[in-house]
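Subject: Structure handover

Hi,

Here is the structure I promised to pass on to you.

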Amino acid sequence: MLYREAGQFKASYQEDQQIFPIRQDRIGMAVILAFFFLAVPMLASQYWLQAILIPVLIFSLAAIGLNILTGYAGQLSLGSAAFMAVGAFGAYNFILRIDGMPFLVGVLLGGLSAAAVGVAFGLPSLRIKGFYLAVATLAAQFFIVWALVKFPWFSNNSSSGVITAQQIEILGFAFNTPESKYLLTLAIVTVLAFVAKNLVRSTTGRSWMAVRDMDVAAEVIGIRPMRAKLSAFAVSSFYCGVAGALYAYTYLGTVEPEGFSLDLSFRILFMIIIGGVGSIMGSFLGAAFIVLLPIFLNVGMHAVFGSAMPAGMASNLELIIFGGLIIFFLIVEPHGLARLWQLAKDKLRLWPFPH
Amino acid sequence: MGFFFEVLIGGLLSGVLYALVALGFVLIYKASGVFNFAQGAMVFFAALTFVGFQEVLPGWTGLEPGSIAVFWMAFVLALASMVVLGILTEKVVLRPLVNQPHITLFMATIGLTFLVEGIAQAIWGNHVRGLDLGIADEPIEWVLDSADIIVSKFDVFAATLAGILVASLALFFQYTKVGRALRAVADDHQAALSIGIPLQHIWAIVWAVAGFVALVAGLIWGARSGVQFALTFTALKALPVLILGGFTSVPGAIVGGLIIGASEKLAEVYIGPFVGGGIEGWFPYMLALLFLLVRPEGLFGEKHIDRV
Amino acid sequence: MKLKQTALIGATIAGLLATGYAAAQEQFIGLPSYRVGPFGSNGASLYGGWIDYMAMVNARDGGVNGVKLTWEECETEYNNARGVECYERLKNKGPTGNSVFQPLSTGITYSVLEKVAQDKIPLVTIGYGRTDAADGRVFPWVFPMITTYWSQASAIVNYIGQKSGGMDKLKGKKIGLLYHDSAYGKESHAIIDKLAEKHGFEVQKIAVANPGNEQQAQWLQIRQSKPDYVILWGWGVMNATALRTAAKTGYSRDKIIGVWWSGSEEDTIPAGDAAKGYVAAGFNVAGANYPVIKDIQSQVYAKNAGNMEDKNRIGSVLYNRGVVHGIITVEAIRTAQEKYGKGKPMTGEQIRWGFENLNLDSQRLAALGATGFMPDLKISCEDHEGGGKVKFQQWDGTQWKVVSDWVEADRPLVRGMIEESAAAYAKEKGITPRDCSKES
């Protein structure tokens, strides 16, 4: 009843091509944005901001990055965390070494360096596919982390290889409270998410999907696979790089190369699989799910069993449930949370008169 | 020159052990097209179950700890557990996911990794244990005396064991009925199904065999570095072997293992010092990557990987 | 219906996250433990010892001057992001918030380094973490106590000097440094280079790639270059593999000196016979034959209330290290109570004062039943390390045997490096170091 597009007529091409063609979607999005921009900073506790919302946003961005590569362009990568590391260390060095470098430009340059590295490691994709490519991207994962530890220049000769992010300052305003960091992260993520949403509807995005669906056919209709694949690697790594920079600056404050481990790459991959491959919305849902699940399990385990259960057993049970739930999810809904979202929307269209 | 050979031989022997882990991947990928990331966790599970039974069996049966009987009973029980784990995995996890995209199956096996790690440690506890197979990890004396080259007894034993395992698997696939059926399944699921080969039966067998391979790998790796969580990382050593040898080839796993083992050791010794060392983590992957650029299907992989 | 249920569950969980346990006369200690993952085995022993000690204090003395210790664990999986979440989750629990944060992970230490000053929670890193934080003028909230990596490296070199018959005998010797190729392993480089220059020995640095379950190439290099001693700077599976491979390549184990994260039963037992003769540093010793451990046995385990699932590990190196963590935490709370009021729960700020004025001299250690168990310790505003001494133990095939007295580090040299590094950090961050003469 509420969610029905009947009566909304598209009178121009422009109206037909907007991101959210349905009015209710536009209103919904506005409400969601207003909620996260206005209500959350006022209501949420420090714990929620610092330990949950900021990482969820950052991982959503990384998941969007991987989703562009895997979901839209069909190239499987296990090196997302390494590209995040490049972004973090890139931004750190640009801001450190160039006097008066504005924060946002530094982050942007960090993202661009990640894009450059991404293209270099994307080159093999021109020859190989599937799991061979996935394992090959592990080369990026291990090599980049090794290089960041090995060459002290990257961490400004810090004895332990750890970098400490500089104070964030934009136009003289210092971002040092959890609320301001949250808003900054949210703003960057929102902008980039909209860019991504538009990008996948553009010529570039459609060429990615064409290559994903059938590369030979794509080539026949005049899409250059090389260009499509490398641009996907570049854009994807850029997103991961920006996410990495935010991870260092607005989330942890100090990062070490080992923090960007293979484990993190897998986690990002989980996010897009659980969230939904080939969906921007799914990237957010997946990131929220994967960040929150272990925390809820840990808290829930304490709440249910308290100290009755040995702590080691509790931790192992969490691991078992985490693994089990992921398998369960894949079996029940292989297309991810985004698909559930879609189904809910379809149902809502008919509600409350399903016939 | 002696040093060069010493490094080379040591590398080749390590390579066989990588191949042993890679073998588990190959078996499952070949038969069901699943890239089973949980193989590393299965190695850990197998080794932990084995030493776990070794610890509890004397209490249950009154046998003397460390005796031959306990060893073999623990081995049989661990093997049985691995077979059960393999069959359960096939039935509960993978069967509902038939016909899903590869990446979904792959993610399911990563989920399985957490599950298996958690179960193993929940049952047996998470402390580190030693494992003694009764073969000392020390140089063979006459080689050391005559050529001044270190060749470890244990490594030779492990390599021989791996060799026997591969040979018997090859024979099994070549000459038994089940083996032939398995190769048919690997070639074409539907064609195999249409001539009456029970697909799910075969898959269960493959998972059980993979469990057996994981147990052997777990025993050998566990004896080398202790039975602990880090055994799951053996999977990371096996992946470059897989790309190099091809995901579907048993001999490829062996040859790939030898190449990776030897080249990573030589690289660490001869290239490492110039770039600060510690390159063993990524060098095999780079090597495999470069190799793929020349031959995208790997050494012995099947050609049907389409190129762009 | 379904929606209602979900909302209800959501609200319950949110409520659980938000509310702490509220009760008076309790001192809350948040434990960011790790019991799964590659280092889960180590974490279980460390946190087990720590929890058992606190349980013993509660059972034997009824807490600290009547204030019961309470605690809650939060699983970090040795992962920085999870560690930060635990830090935030634990920080406001209990009547006075979290008393102290000790993550037992250098990565997590760095991730919360700046948060602790804002939240006024002392960050205690015993034997790991950021070395230059020992300069309390720049890092008032961070306590890398007993000894730091740099002190340890120096103490190891001093021990090698002792064994060689004097520091002047080190000249012309060759020492191999087999290190975990990570931030942790690289921490050793600067100090070892400095010491090599000072004493005239040669260093051969050999990196081992994470996780370190293959070291054939490294040990063949060592066999080739024949260093007089090898310092093993490892963590996790790397240690056992190093000992196994050393045996395989014929390098004498009593020439291998491990750091304290390489010298526990978790490292030697999986190496089997290959570990016999291996020497490792430690700021606590192994053994259950100390009064403090006996008290834990009689007060906690006799009542079936201990934390360890595997009771054989009571008295192991890492378990005892956990007990050291417990002792230091409890004593800091006691010290704080002496200034701010006995029998009251202390705030993080007050406990910080307690840490800064902690003085565990030999008398106090004897009263705690820990003579010889850990070195004496005196913290001051300037010096947050307060000791820098380590003991060396040798593995005899079944247990660790102490083979040295407390060995001092080259304090002036290490302190100079710490101050230099801390000053650089202060400059980068725009921190004005405290004036310690004005602290009470």
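Below are some notes on conventions, followed by what was found.

This is a predicted model, so to read the notes you need to know that local features need pLDDT of at least 70, that side-chain atom pairs count only at pLDDT 80 or more, and that totals for chains, interfaces and linings use all residues. Residues are numbered from 1 along each chain as its sequence is written, while chains are lettered from A and ligands numbered from 1 in the order in which they are written.

**Between the chains**

Let me start with A and B. Here 37 residues of chain A are in contact with 39 residues of chain B (in contact means that the C-beta atoms of two residues, placed from the backbone, lie within 7 Å). On the chain A side, helix H6 (130-150), helix H11 (262-275) and helix H13 (311-332) each supply at least two residues; helices are DSSP runs of H or I with at least four residues, strands are runs of E with at least two, and both are numbered from the N terminus. H13(A) gives the most to this side, with 13 residues. By class, the chain A side that touches chain B has 28 nonpolar, five polar and four charged residues. For these classes, Ala, Val, Leu, Ile, Met, Phe, Trp, Tyr, Cys and Pro count as nonpolar, Asp, Glu, Lys and Arg as charged, and the others, Gly among them, as polar.

Chain B also meets chain C, with 38 residues of chain B in contact with 39 residues of chain C. Helices H1 (2-32), H9 (199-225), H10 (234-245) and H11 (250-270) of chain B each supply at least two residues of the chain B side, and H1(B) gives the most, with six residues. The side of chain B that touches chain C divides into eleven nonpolar, 17 polar and ten charged residues.

Axes are lines fitted to C-alpha atoms, for helices over the stretch in contact, and angles run from 0 to 180 degrees between N-to-C directions. From H12(A), the residues A:Leu293, A:Pro294, A:Leu297, A:Asn298, A:Met301 and A:Phe305 meet A:Ala314, A:Leu317, A:Glu318, A:Ile321, A:Phe322 and A:Leu325 of H13(A). That contact has ten nonpolar residues, one polar and one charged.

In chain B, the axes of H1(B) and H10(B) come within 8 Å and cross at roughly 75°, and the two helices are therefore roughly perpendicular to each other. Among the residues that make the contact are B:Tyr18, B:Ala22 and B:Phe25 of H1(B) and B:Ala238, B:Val241 and B:Leu242 of H10(B). In total, nine residues of the contact are nonpolar, two polar and one charged.

**Chain C**

Helix H2 (residues 40-61) of chain C and helix H11 (residues 291-299) of chain C pack at about 70°, with their axes 9 Å apart. That makes H2(C) roughly perpendicular to H11(C). C:Asp52, C:Tyr53, C:Met56, C:Ala59 and C:Arg60 of H2(C) make the contact with C:Asp295, C:Ile296 and C:Gln299 of H11(C).

Which residues of H11(C) are buried? They are C:Val292, C:Ile293 and C:Ile296, where buried means 20 or more other C-beta atoms within 10 Å of a residue's own, exposed 12 or fewer, and partly exposed in between, with C-beta atoms placed from the backbone. Seen down the axis of H11(C), the buried residues fall within an arc of 100°, so they line one face of the helix; the arc is that of the directions from the helix axis to the C-beta atoms. These buried residues pack against H2, helix H12 (317-340) and helix H14 (362-368) of chain C.

**Backbone points to look at**

Most residues other than glycine have a negative phi, and most peptide bonds are trans. C:Leu104 is not a glycine but has a positive phi of about 50°; C:Leu104 sits in the loop between helix H3 (80-90) and helix H4 (106-119) of chain C. C:Ile146, also not a glycine, has a positive phi of about 65° and lies in the loop between strand S4 (142-143) and helix H5 (149-164) of chain C. Finally, a cis peptide bond joins C:Asn210 and C:Pro211, with omega about -5°.

Best wishes

Terms used: Angles under 35 degrees count as roughly parallel, over 145 as roughly antiparallel, 65 to 115 as roughly perpendicular and the rest as oblique.
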